[in-house]
Amino acid sequence: MNKLFIVVNEDRFFLSHRKPVAIAAQKAGFDPIIITKDTGRRSEIEALGMKMYDLPINPTGMNLIQEFKTFKFLYNLYRSENPDIVHHVGLKNILWGGLAAKLLKVKGVVNAVSGLGGLFNSGGKTLTTNLILRCMRYSNNRNNVKVIFQNNDDKSIFLSNKVIDSKQVEFTKGSGIDVYEYNNCDEPKTGKIKVIFTGRMVKEKGVCDLIEAAEILKQEYKDKVQFLLCGRLTPNKTGISEDYMREHCDGDYLCWLGERDDVKQLLENSHIMAFPSYYREGLPKSLIEASAIGRPIVTCNSVGCKDVVNDGVNGFLVSPRNPLELAERIKILIDNKDLRIKMGKASREKAIREFNIDMVVETHISIYKGLLNVKNI
């Protein structure tokens, strides 16, 4: 049985984004072993019949000592366990896991770029981004490396900086969604119109902009509309504090729900998805889920987000960091039920056509099998 390492930042991310791929790989004859930070959900992974190693990683910081510990752990693990294929998800794992795999000549390497985050948000190169790109250029310079992108912007950065060549490129529309589990659901017929955001409470996700947009609309809609902010706090340096959230959310018109495990039900009970992120997303799972449920979406014309919305068809694209424009587009959907339903139907059709988990799984299994036959140089 071929040993497959899947390396992700946190156990909860594996369970929400990569579990279907691991299960399919298991059925295809691979032995998936999950390398991830244990945040308390190890038992859920082990219940799948998969071994898990606790990954020492700081998902948001750049402390050199901590970064070296991550690299050293992966290097020692790859050397002792000798995996056939390693699948790195996220920039840090691609960086350190890719370097370890290169030095140890691991047979097959899959690097999944699930967004480039804050380091690449400024547009111009910094010393840090240059070093990262150079390191990845070195580790990707092999026949047995495939790189999976979720949007064309990230792909262009890797190609223009010669991190990879075009023969290494693979593509999926996000991490996929089970369109039967997340089935089309008519919007609620009674009660307040609910505008929902799901994601981490981070400034670049547009949380503060959405709060400001809600305040712009409050006088007119405080008795008719409810804004729901669903997501956890994060130690990220641009993370929003609990004090800020409690100060701005009154629990009635504007509600912070914290981290929830019933996101599907929350989406079903909502009318509009608002996700004004200007973070360098891959393809946001939040938007894919809302699309599958059949909801109109208001999001930013930014990397990753713009790939989920056809402006004016299944939602609206707004300028990043523009609460007034965001409020105007949300208002259009609040006032027009027929438009919400029409756009929601288009969202559902797009989800079936582009985001179906079956297509994502098929791509991954094909990549894994192909790498087993590549000459290792």
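Helices here are DSSP runs of H or I with at least four residues, numbered from the N terminus. This is a predicted model, where local features need pLDDT of at least 70, side-chain atom pairs count only at pLDDT 80 or more, and totals for chains, interfaces and linings use all residues. Residues are numbered from 1 along each chain as its sequence is written, and side-chain values use heavy atoms, with hydrogens and water left out.

Let's start with S291, which sits in helix α10 (residues 285-293). S291 has 0% relative accessibility, so it counts as buried (under 20% relative accessible area, with a 1.4 Å probe and protein chains only). Contact means heavy atoms within 4.5 Å. Setting aside neighbours within four places in sequence, S291 touches I297, S347, R348, K350, A351 and F355.

Now for the nonpolar cores, meaning sets of buried Ala, Val, Leu, Ile, Met, Phe, Trp, Tyr and Cys residues joined through side-chain atoms within 4.5 Å.

| Core | Size | Some members |
|---|---|---|
| Largest | 58 residues | F227, L229, M245, I330 |
| Second, separate | 34 residues | I33, L133, V147, F158 |

In the largest core, those four members touch the most other members. Helix α7 (residues 207-221) gives this core its largest share, 7 residues. Beyond four places in sequence, the contacts of F227 include V195, L210, Y253 and I330.

Last, a helix pair: the axes of α4 (residues 91-104) and α5 (residues 127-140) come within 9 Å and cross at roughly 40°. Axes are lines fitted to C-alpha atoms over the stretch in contact, with angles from 0 to 180 degrees between N-to-C directions. The α4 and α5 contact involves residues including L91 and I94 of α4 and I132 and C135 of α5.

Note on methods: Helix = DSSP H or I, 4+ residues; strand = E, 2+ residues; numbered from the N terminus. Buried < 20%, exposed > 50% of the residue type's maximum accessible area, 1.4 Å probe, protein only.
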